[in-house]
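Work through the exercises below with the sequence and the coordinates at hand. Each task is followed by a worked solution.

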Amino acid sequence: MNTIPVTKRGAEKLREELHRLKTVDRPWVINAISEARAQGDLSENAEYEVAKDRQGFIEGRIQEIEGKLSAAQIIDPTALDAGGKVVFGATVELEEESSGEAVTYQIVGEDEADLKQGLINISSPIARALIGKEEGDTAAVQAPGGVKNYEIVAVKYL
C-alpha cells in the first residue's frame with residue numbers, strides 16, 4: 001500500500017476523530033439500535049433503519065481512518081530542511097502577479113485541506129505548480145478563469 005503524506009496536526013485530528021467515533025458515536029448508535037428493536041416490528045421501524053444506516057457510516061469511517069493512519073507518512077513541517085524549496089508541509093506566501101493580491105497557503109494532505117484556513121491539498125493544481133520551486137520563482141497555475149501567475153514571496157516550515 002502506498003504511503004499517504006499527512007502533517008503531525010492532520011494525523012492528530014484523524015486520531016481524535018477515530019477516538020470520538022469509537023468512544024462516543026459507536027456506543028450511541030448501538031444504544032439507538034437496541035431501543036429501536038425494543039419497539040417491536042423492525043420491518044416498518046424508521047428509527048431502526050436510520051440507526052442501522054448511521055452504524056454503517058460510522059463503521060466505514062472507522063475503517064477508513066484506521067487505513068489512512070496505518071499508511072500515513074507523518075511529516076513534521078518544523079523538522080523539514082528542504083533548503084528553501086516548496087515541499088509537502090511548507091507554508092508558502094504568494095503574490096498574484098496581475099492583481100498584487102497576497103495569499104498564504106500550507107501544503108497538506110487530502111484530509112487536512114481547508115481553503116478557508118489556507119490549507120491546500122498536495123494534489124491541487126496550485127500545490128502541484130508550487131512543489132519544487134523556491135522563493136523568488138514564479139508558478140503558473142491553471143485556474144477555472146485562466147492561467148494565474150504567482151510569485152513565491154517566502155517559503156516557511158512552520
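**Exercise 1.** With which residue does Arg20 form a salt bridge, and how far apart are the closest N and O atoms?

Solution. The structure is a predicted model, in which local features need pLDDT of at least 70, side-chain atom pairs count only at pLDDT 80 or more, and totals for chains, interfaces and linings use all residues. Residues are numbered from 1 along each chain as its sequence is written, and side-chain values use heavy atoms, with hydrogens and water left out.

Step 1: apply the criterion, a side-chain nitrogen of Lys or Arg within 4 Å of a carboxyl oxygen of Asp or Glu. Arg20 meets it with Asp25, the closest N and O atoms being 2.5 Å apart.

Step 2: classify the partners. Buried means under 20% relative accessible area, exposed over 50%, and partly exposed in between (1.4 Å probe, protein chains only). Arg20 has a relative accessible area of 38% and is partly exposed, whereas Asp25 is buried at 12%.

Step 3: look for shared partners. One network of salt bridges joins Glu17, Arg61, Glu64, Lys68 and Asp111.

**Exercise 2.** Which members of the largest nonpolar core touch the most other members?

Solution. Step 1: define the set. A nonpolar core consists of buried Ala, Val, Leu, Ile, Met, Phe, Trp, Tyr and Cys residues joined through side-chain atoms within 4.5 Å.

Step 1: The core has 20 residues, and Val86, Leu94, Ile107, Ile126, Leu130 and Ile152 touch the most other members.

Step 2: assign elements. Two or more residues each come from β3 (91-96), β4 (102-108), α3, β6 and β7 (146-156). The largest share, four residues, is that of α3.

**Exercise 3.** Where does Gly109 lie, and is Gly109 buried or exposed?

Solution. Step 1: Gly109 is in the loop between β4 and β5 (119-121). Step 2: Gly109 counts as buried, at 3% relative accessibility. Step 3: the C-alpha atoms of Gly109 and Pro125 are 14 Å apart, with the two residues 16 apart along the chain.

**Exercise 4.** Locate Glu59 and give its C-alpha separation from Thr7.

Solution. Step 1: Glu59 lies in helix α2. Step 2: Glu59 is partly exposed, with a relative accessible area of 27%. Step 3: Glu59 and Thr7 are 52 residues apart in sequence and 24 Å apart in space, C-alpha to C-alpha.
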